[in-house]
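I opened a new structure today and kept notes as I went. Here it is, for anyone who wants to follow along.

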Amino acid sequence: MDALHNLQSLGHSAGGFGSDGAGPEKARRRLPRQQREKLIVDEAIKFFAEVGFEGQTRALAQRLGVTQPLLYRYFPDKDALIERVYREVFLGGWDNDWRDALTDRSVPLVDRVEQFYLSYTKANFSYERVRLFMFAGLKDESIASRYMAHVRENLFLPLCREIRAAAGVERDADISPYEIELAAGLHGAIAYVGLRRWVFRTQTPDDMDLVIRQLVRSSMAGIPDAFRDIAAR
């Protein structure tokens, strides 16, 4: 709150930086540019999570207690701000080590998938992240398509290869759309828990780890047979 108050003090003058008064200018010097930028991004994440990506920068500036010109000193336009939000929320919620752990065949596949989703949900099942995922899918096709391409490359395709190996399916063929859908179905079932909690506001169990484990294990119990059936067609 103190940091946000310092940021708001920068908008006290018409120009947003307090160039006509020693007080705001002194506050500006106390708060490094990088920290001011982070405050803007953090508030933008909350703002877009509440109103969607159609929210206007004018309203965001009012919420921050600064002027639009100040925002544009950090981000030249709304698209640049949304791009930063995308990197912070969508890519920032992804740990590159997850893929290595997911493909470590010294560990049973169901344990690997379970651990992945326990880590994934802890990183991404917040009010802001879940709602931004939803708004991206509804209103910003560029963000949604880019993120789903990232998930396909870093989760669905590796997971499908690991399921093939666990199912004893020896195939050099490319991963089929049917196999992708099975992996996406598990992902969707888990993502729906977050939607129910943060979008539909319905009651969800207190022990979310138990829910994730049960969803993974029930799904993984049938997926290898489904992969064998696909390979036999």
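**Entry: the core.** I note at the start that this is a predicted model. I looked up the largest nonpolar core and found 54 residues in it. Which residues have the most contacts inside it? They are Phe 48, Phe 53, Val 113, Tyr 117 and Leu 132. I then checked where the core comes from: helix 10, residues 141-167, gives the largest share, with 9 residues. In soluble globular proteins, nonpolar side chains tend to be buried together.

**Entry: Phe 53.** I picked Phe 53 from that group and listed its contacts, setting aside neighbours within four places in sequence.

**Entry: helix 4.** Helix 4 runs over residues 57-64. I found Thr 57, Leu 60, Ala 61 and Leu 64 buried there. Looking down the axis of helix 4, I see these buried residues within an arc of 100 degrees, so they line one face of the helix. What sits on the face turned away from the buried side? Arg 58 and Gln 62 do, and both are exposed. Just after helix 4 comes Gly 65, with a positive phi of about 80 degrees.

**Entry: Arg 201.** I found another positive phi at Arg 201, near 55 degrees, and this residue is not a glycine. Arg 201 lies in the loop between helix 11 (177-198) and helix 12 (208-232).

**Entry: Asn 124.** I placed Asn 124 in helix 8, residues 109-124. Its relative accessible area is 0%, so I logged Asn 124 as buried. Beyond neighbours within four places in sequence, Asn 124 is in contact with Val 89, Gly 93, Trp 98, Arg 129, Val 130 and Phe 133.

**Entry: Trp 94.** Trp 94 is in the loop between helix 6 (78-91) and helix 7 (97-102). At 9% relative accessibility, Trp 94 counts as buried, because the cut-off is under 20%. Which residues does Trp 94 touch, not counting those up to four places away in sequence? I wrote down Phe 116, Tyr 120, Tyr 147, His 150, Val 151, Asn 154 and Leu 155. I also looked up Trp 94 and Ser 119: they are 25 residues apart in sequence and 9.6 Å apart in space, C-alpha to C-alpha.

Definitions and conventions. Residues numbered from 1 in each chain as written. Predicted model: local features only at pLDDT ≥ 70, side-chain atom pairs only at ≥ 80, totals over all residues. Heavy atoms only, no water. Core = buried A, V, L, I, M, F, W, Y, C linked by side-chain atoms within 4.5 Å. Buried < 20%, exposed > 50% of the residue type's maximum accessible area, 1.4 Å probe, protein only. Helix = DSSP H or I, 4+ residues; strand = E, 2+ residues; numbered from the N terminus. Contact = heavy atoms within 4.5 Å. Arc of directions from axis to C-beta.
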